[in-house]
Amino acid sequence: MNTPPLASGPEGPDELRPLLDTVLDALGEGARLRNGPLPAGGPPEVAERMRAAVGDVLPQEGDPQALRRLVRALAKGSADPADPFCAAHLHCPPLAVAAAADLAVSVLNPSMDSWDQAPAASELEALVTRALADEVYAETLRGAGNCATSPHRPDALLTTGGTESNQLALLLARETLGPGVRLVCGENAHHSLPRSAWLLGLPEPVIVPTPHGTLDPAALETLPPGPLLIAATAGTTDAGLIDPLPEIAALCAHRGARLHVDAAYGGGLLFSARHRAELTGLSTADTVTLDLHKLGWQPVAAGLLAVRDAQDLAALTHRADYLNADDDTEAGLPDLLGRSLRTTRRPDILKIAVTLKTLGRTGLGALVDQVCEQAQEFAQLVHDHPDFELHAPPTISTVLFRPAGAPDDAVAAVRRQLLQDGRAVLGRARAAHRLWLKATLLNPTTRPADLAGLLHLVEGTTPR
Ligand SMILES: *Cc1c(COP(=O)(O)O)cnc(C)c1O
């Protein structure tokens, strides 16, 4: 048997070209066969089709058609966030230019755990993470003058997403304030925060009720003694709400508590001149979670944890002789191991860097504005429709709505029927003691007619 071709090296691109044609053709065929936002038939039918396409997972003799078959089957059976009726989760349609950049990463395969595996990628990561950290902390930096060389300047780490970022934020809080640090967060906070407290062996978190969807600073006035990490959210997963950051920041300063802001969703507003001010107060946080695979149109994974003071990251310093021996570091080889808890690590920075530079602030801001505007339009359609109820005007790009007068189980059934038929992917969320349908609008190509069509589809699926 011939050795299969490699992706990198001087011949790599020529070997790859026909395979890419196969992949692109199969993606197109799969999408045409699906003919909708997700495959019809529900879990049993989709699973059966996938089993049939895969056949023997590890056959004795290889199958040269495997690439075409499996890519086509995956595309046919996917929920496609580029379809305007696929709007359940913070699951964005990736930009073509970001996906293309990600291909280069797969080909070159740098690994971010040592300079000798990623000479240029490590510098790109350093440049882009610092620029993004400066973006998060711009308000503070303006106040402090130029501190580009200070060891206390902001910095950011690349993560696999909001979950890992939140986990790191709690770890840094523990390393700064000690193992007795207690997490305080709202009921509206992401589930990964209390889970990280559990993982890190921290005291039982204080979960503050959030009956109106955001963390009420007044509810933070009676807190237990001892070191605290208060976590606020900028863009809640369920409703896209932003906690009152300036008030919470003032309270943290008064109480001597550390502040983390989970801006996994809302962080993207930084790119928009129109919406940026909604994040006022963000720059007072010790740590900030960002997720560019949400309001940043990146393929998964594209998470970041920004820290106000790069010195906090010293807690992650770690040595493994084969990767960052002291004498190598002293001789000038960059030490990368302290920039993650992972070892082998993909340079997710390339697609982010390419996107920032290709679109610029104006281009990215326009995408953010576009999806926020769609949410306003969709909310207006719901509001104007006698058979629907709107939960609240949207803050970012999430709209909670429900068929007027329907019991919760009917609302849940509408969502499942749409999934079963493969006609729409809507989310669900609990708010004000009721169940709502959730439309998370992240597709900048969605048109007003699509929004009207989506509402019409839900109307037609609701039993009368
Ligand atoms: C999505 C989300 C997370 C988790 O991010 P992942 O990338 O899924 O790990 C954390 N916090 C908030 C507010 C989120 O919306």
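Me: How exposed is E373, and what is its relative accessible area?

Reply: E373 is partly exposed, with a relative accessible area of 38%, where buried means under 20% relative accessible area, exposed means over 50%, and partly exposed lies in between, using a 1.4 Å probe and protein chains only. This is a predicted model, in which local features need pLDDT of at least 70 and side-chain atom pairs count only at pLDDT 80 or more, while totals for chains, interfaces and linings use all residues. Residues are numbered from 1 along each chain as its sequence is written, and side-chain values use heavy atoms, with hydrogens and water left out.

Me: Which side chain meets E373 in a salt bridge?

Reply: A salt bridge is a side-chain nitrogen of Lys or Arg within 4 Å of a carboxyl oxygen of Asp or Glu. Here the side chains of E373 and R274 meet in one, at 3.1 Å from N to O. The pair links distant parts of the chain, for E373 is in helix α12 (residues 349-384) and R274 is in the loop between β5 (258-263) and β6, 99 residues apart; helices (H or I, at least four residues) and strands (E, at least two) are DSSP runs, numbered from the N terminus. R274 itself is exposed, with a relative accessible area of 53%.

Me: How many salt bridges does the structure hold?

Reply: The structure holds 31 salt bridges. Among them is the one between R174 and E175, whose closest N and O atoms are 3.0 Å apart, and another is formed by R319 with D326, at 3.4 Å between the closest N and O atoms. Salt bridges that share partners also join E125, R130, D155, R339 and R345 into one network.

Me: Where is R415, and which side chain of opposite charge is nearest to it?

Reply: For this reading, Lys and Arg count as positive and Asp and Glu as negative, while His and the chain ends are not counted. R415 has its place in helix α13, and this residue is buried yet has no salt bridge, the nearest side chain of opposite charge being D238, 11 Å away. Leaving aside residues up to four places away in sequence, R415 touches L426, G427, R428 and L437, where contact means heavy atoms within 4.5 Å.

Me: Which residues form the negative surface patch?

Reply: Patches are made of residues with over 30% relative accessible area and no salt bridge, with like charges joined within 9 Å and nonpolar side chains (Val, Leu, Ile, Met, Phe, Trp, Tyr) within 5 Å. The place of a charge is taken as NZ of Lys, CZ of Arg, CG of Asp or CD of Glu. The negative patch is formed by D116, D327, D328 and E330, and D116 is found in the loop between α4 (96-108) and α5 (119-136).

Me: Which residues have a positive phi although they are not glycine, and where is the cis peptide bond?

Reply: Most residues other than glycine have a negative phi, and most peptide bonds are trans. N35, in the loop between α1 (12-34) and α2 (42-54), has a positive phi of about 60°, and N109, in the loop between α4 and α5, has a positive phi of about 50°. The cis peptide bond joins V300 and A301, with omega about 5°, and A301 lies in the loop between β6 (287-291) and β7 (303-307).

How values were computed: Accessible areas come from the Shrake-Rupley method with a 1.4 Å probe; for residues, only the protein chains shown count as cover.
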